[in-house]
Amino acid sequence: MHMEPKMADQTLPPRPLPHLWERIDKVALTGVLILGVLAFFDRPAVIPTIEETLEHFWGTLPFIVIAVLAIGFMKATGSERLLDGAFQGRETRMILMGALVGGLSPFCSCQVIPFVAALLAAGAPLSAVMAFWLASPLMDPAMFSITAGGIGIDFAVAKTVAAVGLGIMGGVTVKLLAASPVFADPLRAQPATGGCCSAKKLTLNWRFWQESDRRSIFGRTSWDNLLFLGKWLLFAYLLQSLLIAYVPAELIAQVIGGDGIGPIFLGALVGAPAYLNGYAAVPLIAGLMEQGMSPGAAMAFVIAGGVSCIPAAVAVWALVKPRVFVAYLGLALTGAIIAGLVWNMIA
């Protein structure tokens, strides 16, 4: 009896390593690697560094809890819908409301893309959208809470005012130059509307605990944000501990100390490449200020870095032409320097 030879199984076995790599949290891995390098070069410093990191984190934990509960509450109640009417009416009013909504609302960078795309499609003026864009990455309830706990309530309030002021400045500038070649026909041919966050919003219901779906949203949102803030702040406090231990205070004071425009301008320029995210920046700025960084340079750093960081910049790049994107970055840098100069005078 003739037997057909068995065909070799051509199915490739699954590759576990790439799948495992995708599941590993890169922030946590980086922190472990940093501790490993520290152990190799300075083993006695490992335990004190971990203790100092946890001590700073524990001091900020109440602010983290307040922040994540506030975010969960807004998501579960659907109170984000209260922002829908902000972009209606006269253009000047829309600029003001865009700056206020951007500076106070809990939008993450990826949520901005579908939200702004919908605004532009509905005919909202670019001036109002620019006001929202500039203010949105800088402050929200969670950011305010973390900044107040890590640096101080006065710095948190000043940054909030700077965020709204930057939005208004940017919106008015775009309005005045709307007919110029820079802002004429600003949108890409087919703006991207996707994002990593769901754009769906619930109907408004303040008593969210009465519905199981809303309770689930509250719990999931609070937990996800607790993990997100927790890992980034632990990582940032680790960097802060290393910064204080190994970077001479005299060097920091010499480069970005003092009251002149030089340190403020440098803080604004360095803000973009050195910025991790708004939450991780708080402990780093606190450490730099302990080492001698001027208040104005610190303010310029967080303003310029917040607006030009990759998630915020991508949200703008996805929707507008390169010349408008360059104007966005220019407005951010100018506003950061102005905010730094003002804060240096009153801090």
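Before I point at anything, one definition: I'm calling it a salt bridge when a side-chain nitrogen of Lys or Arg sits within 4 Å of a carboxyl oxygen of Asp or Glu. And keep in mind that this is a predicted model.

So, how many salt bridges does that rule give? The count comes to 2. Take Arg214 and Glu211: their closest N and O atoms are 3.0 Å apart, and that makes the pair a salt bridge. Which of these two is buried? Arg214 is, with a relative accessible area of 5%. Glu211, at 34%, is partly exposed.

Now the other pair, Asp185 with Lys321. Their side chains meet in a salt bridge too, at 2.7 Å from N to O. This pair links distant parts of the chain, 136 residues apart. Asp185 is in the loop between helix 8 and helix 9, while Lys321 is in the loop between helix 14 and helix 15. On accessibility, Asp185 counts as exposed at 53%, and Lys321 is partly exposed at 23%.

Okay, on to helix 6, residues 126–135.

What does helix 6 pack against? One partner is helix 15, residues 322–346, and the two pack at an angle of about 50° with their axes 11 Å apart. My cut-offs call anything under 35 degrees roughly parallel and 65 to 115 roughly perpendicular, and helix 6 and helix 15 are therefore oblique to each other. Their crossing is right-handed. If you want to click on the contact, helix 6 brings Leu126, Met130, Trp133 and Leu134, and helix 15 brings Val324, Tyr328, Leu331 and Ala332. Sorted by type, the residues of that contact are 8 nonpolar, no polar and no charged.

Last stop, Gly167, which is found in helix 8. Gly167 is buried, with a relative accessible area of 0%. Setting aside its neighbours within four places in sequence, which residues does Gly167 touch? Gly167 is in contact with Ala99, Ala131, Leu134 and Ala135.

Notes. Residues are numbered from 1 along each chain as its sequence is written. This is a predicted model: local features need pLDDT of at least 70, side-chain atom pairs count only at pLDDT 80 or more; totals for chains, interfaces and linings use all residues. Side-chain values use heavy atoms; hydrogens and water are left out. Axes are lines fitted to C-alpha atoms, for helices over the stretch in contact, and angles run from 0 to 180 degrees between N-to-C directions. Helices (H or I, at least four residues) and strands (E, at least two) are DSSP runs, numbered from the N terminus. Angles under 35 degrees count as roughly parallel, over 145 as roughly antiparallel, 65 to 115 as roughly perpendicular and the rest as oblique. A crossing is left-handed if the near helix is turned anticlockwise from the far one by less than a right angle, and right-handed if clockwise. Contact means heavy atoms within 4.5 Å. Ala, Val, Leu, Ile, Met, Phe, Trp, Tyr, Cys and Pro count as nonpolar, Asp, Glu, Lys and Arg as charged, and the others, Gly among them, as polar. Buried means under 20% relative accessible area, exposed over 50%, partly exposed in between (1.4 Å probe, protein chains only).
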